[in-house]
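Please read them alongside the sequence and coordinates.

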Amino acid sequence: MAGKNIMQKKVSCAAIALTLLLGACCQSPSTASSDSSGLAAGKIVPITPASKEFFEMDAFKTRSGKTVQFYAVKHASIHIDYDGKTFEIDPVVKLGDRVTDYSAFPKADHILVTHEHADHFDKDAIALLTAEKTTLITNARCAGMLGYGQIMANGDIAQLFEDCTVEAVPAYNITEGHLQFHPRGRDNGYILTLDGLRIYIAGDTEDIPEMAQIKDIDIAFLPCNQPYTMTADQLIKAAKLIRPRVLFPYHYSQTDVSTLPEQLKNDGIEIMIRHYE
Ligand SMILES: [Zn+2]
């Protein structure tokens with residue numbers, strides 16, 4: 001833990017600068033020069049004042065100046081706050097020795113599940129986060145296992161509310177011997193668009209050719225662990241193909257992602273390493 005904290009401190013200065021820049025780029029000119037709205041990078045905060053757990057949080061501005069906050073829950077689990085709405089991506093209570101108390105989280109407006117593996121799909125977490133208002137979006141297999149859910153297949157687009165759309169995109173393996181983990185066409189990645197801010201959450205995938213069609217991404221979450229997703233070299237290839245403005249390596253387990261900022265420093269991509277191992 002101590003070593004990781006040092007690493008995070010090192011990235012945080014650059015991250016703050018980029019975040020403020022990104023915020024400024026996305027704002028209307030009338031507000032760009034007077035921003036003091038709590039944009040933060042890598043700040044350690046609880047999801048709610050009542051929550052006993054603390055997470056790294058990064059904030060970004062949308063086109064009309066609204067704030068989107070990403071909380072690094074763990075591995076593939078991301079909590080997103082936007083304009084009074086909460087999104088939970090692949091919420092999972094227990095992963096190895098990491099346990100998340102979702103009972104202390106606010107009920108979700110939208111839960112997005114990419115696929116059925118235990119580090120992405122957890123009925124207990126879904127139950128703890130679900131209220132009457134909650135919509136759950138997932139692939140056909142998880143909806144089948146749950147007995148409910150709004151099914152999205154690769155290529156489907158849904159409007160969740162006025163300035164929010166979600167698109168399901170392919171996520172699968174291409175390396176011989178790994179194809180059985182995530183067969184093509186079964187699982188989802190998602191592109192979430194919030195007031196013009198385009199967020200790509202890749203799910204469990206390798207650097208598939210469809211990534212060439214994933215454009216204008218502001219913030220990307222790309223997985224990096226073998227044998228299930230990408231090597232660090234594959235992640236770099238994927239990043240160069242997608243060219244997000246900000247990249248969060250996630251789902252990286254024991255993979256060393258500390259050299260990614262150096263390896264992508266000439267590509268105009270800001271790498272934010274958070275506790276998504
Ligand atoms: Zn998986």
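1. In which helix is Leu-235 found? Leu-235 belongs to helix α5, residues 232–242. Helices here are DSSP runs of H or I with at least four residues, strands are runs of E with at least two, and both are numbered from the N terminus.

2. Two notes on conventions. Residues are numbered from 1 along each chain as its sequence is written. The model is predicted, so local features need pLDDT of at least 70 and side-chain atom pairs count only at pLDDT 80 or more, while totals for chains, interfaces and linings use all residues.

3. The protein chain has 6 helices and 17 strands. Of its 277 residues, 45% count as buried. A residue is buried if 20 or more other C-beta atoms lie within 10 Å of its own, exposed if 12 or fewer, and partly exposed in between, with C-beta atoms placed from the backbone. Among contacts between residues at least 6 apart in sequence, 54% join residues at least 24 apart; a contact requires C-beta atoms, placed from the backbone, within 7 Å.

4. Is Leu-235 buried or exposed? Leu-235 is buried, because 26 other C-beta atoms lie within 10 Å. Neighbours within four places in sequence aside, Leu-235 is in contact with Leu-222, Cys-224, Met-230 and Pro-249. Its C-alpha atom is separated by 9.0 Å from that of Leu-260, 25 residues apart along the chain.

5. The buried residues in α5 are Leu-235, Ile-236, Ala-238, Ala-239 and Ile-242. Seen down the axis of α5, these fall within an arc of 165°, so they line one face of the helix; the arc is that of the directions from the helix axis to the C-beta atoms. An α-helix has 3.6 residues a turn, so residues three or four places apart point the same way. The buried residues of α5 pack against β14 (197–201), β15, β16 and α6.

6. The largest nonpolar core has 72 residues, and those with the most contacts inside it are Tyr-200, Ile-201, Phe-221 and Leu-222. Such a core is a set of buried Ala, Val, Leu, Ile, Met, Phe, Trp, Tyr and Cys residues joined through C-beta atoms within 7 Å. Not counting residues up to four places away in sequence, Tyr-200 touches Gly-189, Ile-191, Ile-214, Ile-217, Ala-220, Phe-221, Ile-242 and Pro-244.

7. Most residues other than glycine have a negative phi, and most peptide bonds are trans. The peptide bond from Gln-226 to Pro-227 is cis, with omega near 0°, and Pro-227 lies in the loop between β15 (219–223) and α5. Arg-243, which follows α5, has a positive phi near 55°.

8. The loop between β16 (246–250) and α6 (260–263) holds His-251, whose phi is positive, near 55°. Ser-253 lies in the loop between β16 and α6 and has a positive phi of about 45°. His-251 is buried, with 27 other C-beta atoms within 10 Å, whereas Ser-253 counts as partly exposed because it has 17 C-beta neighbours inside 10 Å.

9. An open sheet of mixed pairing is formed by 8 strands in the order β1-β2-β3-β4-β5-β8-β9-β10. β1 (43–46) and β10 (150–151) stand at the edges with a single partner strand each, so one side of each is left without a neighbour in the sheet. Strands pair if DSSP finds at least two bridges between them. β9 (residues 135–138) and β10 run parallel and are joined by 2 bridges; Ile-137 has Gln-150 in β10 as its bridge partner.

Note on methods
Contact = placed C-beta atoms within 7 Å.
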